[in-house]
2 protein chains.
Amino acid sequence: MQRVTIADVARRAGVSTATVSRALSGGRKVSDEVSERVHRVARELGYAVNPIARALRVSRTDTVGMVVPSIRNPFFTALVESVEHALGAEGKELLLCDAQSDPRVEASRLEALVTRNVDGIIVSPCHGTDSAPAVQRTADRLPLVQLDRFVGGTSTDWVGVDDLAAMRAVLDHVHAGGARSAAYLGARLTNSSSELRHTGFHRRAEELGLTVDPQWIQLGEYSVDWGERAVATLLEQGELPDALVCADDLIALGATRACRMHGVPVPERTQITGFDNIEFTRLAEPPLTTVAQPTDRIAAEAVRLLGDAANGTDTPRDAAHVALVPKLVVRSSTRGN
Amino acid sequence: MQRVTIADVARRAGVSTATVSRALSGGRKVSDEVSERVHRVARELGYAVNPIARALRVSRTDTVGMVVPSIRNPFFTALVESVEHALGAEGKELLLCDAQSDPRVEASRLEALVTRNVDGIIVSPCHGTDSAPAVQRTADRLPLVQLDRFVGGTSTDWVGVDDLAAMRAVLDHVHAGGARSAAYLGARLTNSSSELRHTGFHRRAEELGLTVDPQWIQLGEYSVDWGERAVATLLEQGELPDALVCADDLIALGATRACRMHGVPVPERTQITGFDNIEFTRLAEPPLTTVAQPTDRIAAEAVRLLGDAANGTDTPRDAAHVALVPKLVVRSSTRGN
DNA sequence: ATGAAAGCGCTAACAC
DNA sequence: GTGTTAGCGCTTTCAT
């Protein structure tokens, strides 16, 4: 398949290739008449710019790379979808990579993206410390924004939600629903959101005077299985607290299931909350109260930051930390309000 | 950031750029001694090939484009993940596009991928007829394989599961579980899998002598909401049949929920089956019997076909249709076996 | 086995 | 306002 090049158009329109280039993409330095002729000829010939050649020339690919810990996690899927849409609105493409929750895979994917001359990278690092070197090294070479989570010791843009505020809202809600004691079912503190949610839980629980038995702090991983096991452990230890505050929806889904299997009525005996508002929280029995992350806004901000960094002066401006305010979605797994 | 080019390596190694290129990637026409020196220098300088420049030269990008109807649907997410992994194993990258279930968006994304010189395209067309022109036009210009669904009137490679065999397995199973009548909750017949599953249902139901009231055939869309509404409609019409065979898991999840809300015991009063084996079928109450699609195999086959088409002689070989055998996953929403 | 040189398609100086 | 030309970084003849 022979592709139509700019030279073909130039020949047919009786102008130089430079004029064609200017007429089709460049600044306004072409007479209306010529411009119109060029456009017409281009259309007739079915000309389309060759992005590879353009990229080689201007070193810009109109492509953004994204690396997520696991595309399997519905929250990241939602994030990917939002980013894809935000990018599409700007005529940019998305190069998607799955880190398989492994910092080494993540590092190699980041390297591949740099090599490919993407214009910027959006990454949700899988580990708070192990991911740091690769993220920093990448950020030194390209515009990069971290999404949702961020690694320690780096200074890149970040956009996500205010985890502390979210936990405050969650605890206030279950407290209003009558809870006087609470457990926290979370993930090991290997990344920023895990830490912040954990911190936020303790801080607000103390302020509200909730009872928090150290045994009720269960840190594992973001999975349904872990949620189930955590509840089983709690039950073996004795009475359940009035609320099970979970660090994400997967854990909450698991906890809900465990309660149902052990005959613990939710929310009568204990309230359960999740985090992320993934689609299937609606379908749980009972439907889950959770924290909605504004993925579209997060994605839009990230894309905007990437653009700023690319167009900005080369003077490295301060890193932006954009914390959006999450919204509590109240369903029937809690009694508040 | 100055990138190291092949010229830098050549200079430092005291050879020509051609030799560097040959030593690093080309055929074996370099003496061991020189080759070794080049490799060493390249490593020292941190040289990495510029894929843009190479692509311009060889018109191959080592990038595959993928277009899915909706990345929100967990089944397609699983497919994307599988494709991403299969590609990663070959050092290829994935350019992901979401068609937003709109054939026009789909067409524009396909066009964008062609323009970007991807080496091949993997597409699960959103519509059986409306998607056809764009898919065909794309396939005329690039290696293309359709996944899961295929559009009518085209002759491109396709890989998916044997929908008829799947439906046979499903019906045999609920029949073994005592069902003597069955409903089909599906999607409007706008794409191939919808049609085939529908056909497969009717064909086997007849062979088994199952009662199928025309009112029990409910065609809507692949969503939880539709599953709920379909069951509501069935209930308004009268007694439920012994089995509710659903065209995908989302519908089945909705149906299960509706049954729970209306106090219909599953599987005692009616059995329910899904299709795809998305992760959340495990979490339903009761956990759903469904058909597992071998997404990893599907993806591997697709990537292989793409490679064949790219390397193959230019003689257009016959289109390959690879139908993999799906597996029935029995859980507690049915009584068979 | 190695080097010189052409050129993939495009854009940005630089002339006029 | 428009044309000429150099060159982005690489691979690949064609010589040697």
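1. Start with helix α10 of chain B, residues 224-237: it lies across β6, β7 and β8 of chain B and runs at about 150 degrees to β7(B). Helices here are DSSP runs of H or I, at least four residues, and strands are runs of E, at least two, numbered from the N terminus. Angles run from 0 to 180 degrees between N-to-C directions, with axes fitted as lines to C-alpha atoms, for helices over the stretch in contact.

2. A word on ground rules: this is a predicted model, where local features need pLDDT of at least 70, side-chain atom pairs count only at pLDDT 80 or more, and totals for chains, interfaces and linings use all residues. Residues are numbered from 1 along each chain as its sequence is written, chains are lettered from A and ligands numbered from 1 in the order written, and side-chain values use heavy atoms, leaving out hydrogens and water.

3. Now the sheet. Four strands of chain B make an open, parallel sheet in the order β7-β6-β8-β9; a pair needs at least two DSSP bridges. At the edges sit β7 (217-220) and β9 (271-273) of chain B, each pairing on one side only.

4. Look at β8 (residues 243-246) of chain B: three bridges join it to β9(B), in parallel. Leu244(B) stands opposite Ile272(B) there. Helix α9 (residues 192-208) of chain B also packs on the sheet, touching β6 (182-187), β7 and β8 of chain B (contact means heavy atoms within 4.5 Å), and its direction makes about 170 degrees with that of β6(B).
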